[in-house]
Amino acid sequence: MWKSFLEQLKEGIVKFDLRSNTPVALISNLLLALVVVGLFIVMFFYVYLPLTTNHGESITVPDLEGLTLQQAESFLEERDLRYIVTDSSYNPKLPPLAVISQDPAKNAKVKVNRRIHLVINATRPPMEQVPNIIDNSLKQAEQLLESYGFKKGEITYVPDIAANVVLRLFYNGKEITKKQMEEGFLLPKGSKIDMEVGDGLGNTSFDLPNLVGKPLAEVQFLLRGMGLDVGNIIYESAGGRELGIVIRQKPTYEPGKKVKTGEVIDLWVTGNEPTDFNN
């Protein structure tokens, strides 16, 4: 067959009939098929894909955090981007439905029509159990409230010998009892909780005793029994007087003068400050 084909080729009588069963037709068909496949590949990768996917183009992701969902949607539409809400959380500093976080992050380079994943702020704050902070110090109570997502409200000091200790809790003017907290009292996160705190003085008032002329040990015992605190003890030269005697007090004694439980009394005593034999 090939000899016949070569002889025909020399004689110039080869006919290109693609439908014939000849070597020329076979080769022609193969070449044509290769050309068609090549054209398809070129058109698909260099014409079709760029037109449908904007191949080679990129868009900078805008900063959406803090924007409302409506604002974020407008921003993305203007830039040929889309979004999907993947989760919600709660941030009391942001309005409801505001964007808390995004993925990809701002300034990232993405293709046209890319979907941006958003975490938005919940429309309502989640409920949280109020911790039992009664009898805690004010500082501890504030830290506990913050860790549970609550805010410190108004602090009112009331007469009580427990200085800076939380005595009662209130929400919107209503007391939250210790029993309610033990059973699990729930409030929206971010709620302000008011507290009543002891001022360290107490309600009980009585006449200030006259301590001048009494031995220091006796005065200390007397003050503790009355619920008063011994403050500074200042020693002065005895000058011939008996040692260890109170010669002055602050507040100064006056007939009928009142003091409250927890108040501090400073004392001036004759003699030298005692040595600490434990050192």
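**Salt bridges, a helix face and a buried threonine**

Me: Which residue forms a salt bridge with R168, with the closest N and O atoms 2.9 Å apart?

Reply: That residue is E175, and the distance of 2.9 Å between the closest N and O atoms is a value from a predicted model.

Me: Where does E196 fall, buried or exposed?

Reply: E196 counts as buried, because its relative accessibility is 17% and the cut-off for buried is under 20%.

Me: How many salt bridges does a search of the whole structure find?

Reply: The search finds 7. One of them joins D63 to K106, with the closest N and O atoms 3.7 Å apart. This pair too links distant parts of the chain, with D63 in the loop between β1 (59-60) and α3 (69-78) and K106 in the loop between β3 (99-103) and β4 (109-110), 43 residues apart. D63 is partly exposed, with a relative accessible area of 39%, and K106 counts as partly exposed at 47%.

Me: Switching to α3, which of its residues are buried?

Reply: The buried residues of α3 are L69, A72 and L76. They cover an arc of only 60 degrees around the axis, so they lie on the same side of α3. As a general point, an α-helix has 3.6 residues a turn, so residues three or four places apart point the same way.

Me: What covers that side, and what does the face turned away from it carry?

Reply: The cover over the buried residues includes β2 (82-89), β3 and β5 (115-121), whereas the face turned away from the buried side carries the exposed residues Q70, E77 and E78. Just after the helix, D80 takes a positive phi of about 60 degrees.

Me: New topic: where is T270, and is T270 buried or exposed?

Reply: T270 is found in strand β16 (residues 264-270), and T270 counts as buried because its relative accessibility is 2%.

Me: Which backbone atoms lie close to the polar side-chain atoms of T270?

Reply: The backbone oxygen of E242 lies 2.6 Å from a polar atom of the T270 side chain, and the backbone nitrogen of G244 lies 3.0 Å from a polar atom of that side chain. Leaving aside residues up to four places away in sequence, T270 touches a set of residues that includes Y235, A238, L243, I245 and I247.

Me: Zooming out, what does the whole chain look like in numbers?

Reply: The chain has 6 helices and 16 strands, and 27% of its 279 residues count as buried. Among contacts between residues at least 6 apart in sequence, 71% join residues at least 24 apart. The chain exposes about 18600 Å², and carbon and sulfur atoms supply 54% of that area.

Key
Residues are numbered from 1 along each chain as its sequence is written. This is a predicted model: local features need pLDDT of at least 70, side-chain atom pairs count only at pLDDT 80 or more; totals for chains, interfaces and linings use all residues. Side-chain values use heavy atoms; hydrogens and water are left out. Helices (H or I, at least four residues) and strands (E, at least two) are DSSP runs, numbered from the N terminus. Buried means under 20% relative accessible area, exposed over 50%, partly exposed in between (1.4 Å probe, protein chains only). Contact means heavy atoms within 4.5 Å. Accessible areas come from the Shrake-Rupley method with a 1.4 Å probe; for residues, only the protein chains shown count as cover. A polar contact is a pair of N or O atoms within 3.5 Å; within protein, one must be able to donate a hydrogen and the other to accept it, and residues adjacent in sequence count only if both atoms are side-chain atoms. A salt bridge is a side-chain nitrogen of Lys or Arg within 4 Å of a carboxyl oxygen of Asp or Glu. The arc is that of the directions from the helix axis to the C-beta atoms.
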